[in-house]
Amino acid sequence: MAALTVIRFVTLASILMGLLFGSVRGQNCSCAPNLCCSQYGYCGTGIAYCNLGCRSGHCLGSNPSPGDESVANIVTPGFFNGIINQADNSCAGKNFYTRNSFLEAVKSYPSFASGSQEAAKREVAAFFAQVTHETGHFCYKEEINGASRNFCSPNSPGNPCTPGKQYFGRGPMQLSWNFNYGPAGRSIGFDGLNAPETVSNDPIISFKTALWFWTNNVHPVINQGFGATTRAINGALECNGRNPGTVQTRANYYTSYCNQLGVSPGGNLLC
């Protein structure tokens, strides 16, 4: 009798679990733009939510919802090569930056280019417009004459400058200063303070630093227009009439990329 009772209990539990699983699976998400709707109907980030079976958002698996466009579908080989092919063959970045490295790096940042197709395309256009300007169409891995400048701030707790190391601009977004190298390294998983040169030696980490900076400083203002992204990146040196030429150049790249992706650039293009 005891064994029969256990069997009946297990069977009943299995039925209840099946009903529960079915009800969860049948739920519909109304997730925020930066979250994935998992195969079970819950909102979140990471593999558990964004991998196989993901219904909407920045899905990482091979079964995204029909209305979702992945970053890889937007940043096509033609789009990426159309930028980097404008760099001279002698450029250090010409054989360093690759589309595959970018796509590998972006897996760690599911909020990038999330939301509607239009919003995703605009963010991709904005990111690559800024990167194009910062690197000269992916020509430069490092800031020109950066080694001649001091980018060490003593007023950054937890981010002491390592003697002999320099924190000039490196990577697609030209990561600069110890107060950026330290947090970026801890977030991504490299020693930003003791080995800042990693950013110009490892292409995936290089793109991750750009996406780290973007996610923390630029993505929150993307809905304010492209001009807000320029302000977030270099506003102290360019905005409010300080350097209208470079502000316009950045906006021109953005408009061009929006046209290529078939999306309107929106308003507030300058800062």
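## The overall build

This protein has 10 helices and 2 strands. Both kinds of element are DSSP runs, numbered from the N terminus: helices are H or I with at least four residues, and strands are E with at least two. If you walk along the sequence, the order is α-β-β-α-α-α-α-α-α-α-α-α.

A quick word on where this comes from: it is a predicted model, in which local features need pLDDT of at least 70 and side-chain atom pairs count only at pLDDT 80 or more, while totals for chains, interfaces and linings use all residues. Residues are numbered from 1 along each chain as its sequence is written, and side-chain values use heavy atoms, with hydrogens and water left out.

## Inside and outside

Of the 271 residues, 44% are buried. Here buried means under 20% relative accessible area, exposed means over 50%, and partly exposed is in between (1.4 Å probe, protein chains only). Take contacts (heavy atoms within 4.5 Å): among those between residues at least 6 apart in sequence, 57% join residues at least 24 apart.

## The largest pocket

The largest pocket has a volume of about 700 Å³. On a 1 Å grid over the protein atoms alone, a pocket is an open set of points with protein on both sides within 12 Å along at least five of seven lines, and lining residues have an atom within 4 Å of a point. Points are joined across faces, edges and corners, and the volume is the space filled by probe spheres set on them.

Which residues lie nearest the centre of the largest pocket? They are Glu-134, Gln-174, Ser-176, Ile-233 and Asn-234, out of 27 lining residues. Helices 6, 7, 8, 9 and 10 each give two or more residues to the lining, and helix 9 has the largest share, with 6.

## Salt bridges

A salt bridge is a side-chain nitrogen of Lys or Arg within 4 Å of a carboxyl oxygen of Asp or Glu, and by this rule there are 7. One of them joins Glu-134 and Arg-250, whose closest N and O atoms are 2.8 Å apart. This pair links distant parts of the chain, since Glu-134 is in helix 6 and Arg-250 is in helix 10, 116 residues apart. Both ends are tucked away: Glu-134 is buried at 19% relative accessibility, and Arg-250 is buried at 1%. Glu-238 joins these two residues in a network of salt bridges.

Helix 6 also holds a pair 4 residues apart, Glu-118 and Arg-122, about one helical turn from each other. Their side chains meet in a salt bridge at 3.5 Å, N to O. Glu-118 is partly exposed at 42%, and so is Arg-122 at 25%.

## A buried arginine without a partner

Now for Arg-99, which sits in helix 5 (residues 99-106). Arg-99 is buried yet has no salt bridge, and the nearest side chain of opposite charge, Glu-104, is 11 Å away. For charge, Lys and Arg count as positive and Asp and Glu as negative, while His and the chain ends are not counted. Leaving aside neighbours within four places in sequence, Arg-99 touches Ala-72, Val-75, Thr-76, Pro-77 and Phe-80.

Ser-148 lies in the loop between helix 6 and helix 7, and is exposed at 63% relative accessible area. The buried residues of helix 7, including Tyr-181 and Ile-188, pack against helix 8. After helix 7 comes Gly-189, with a positive phi near 110°.

How values were computed. 1 Å grid on protein atoms, 1.4 Å probe; cavity = no way out; pocket = protein on both sides within 12 Å on 5 of 7 lines; lining within 4 Å.
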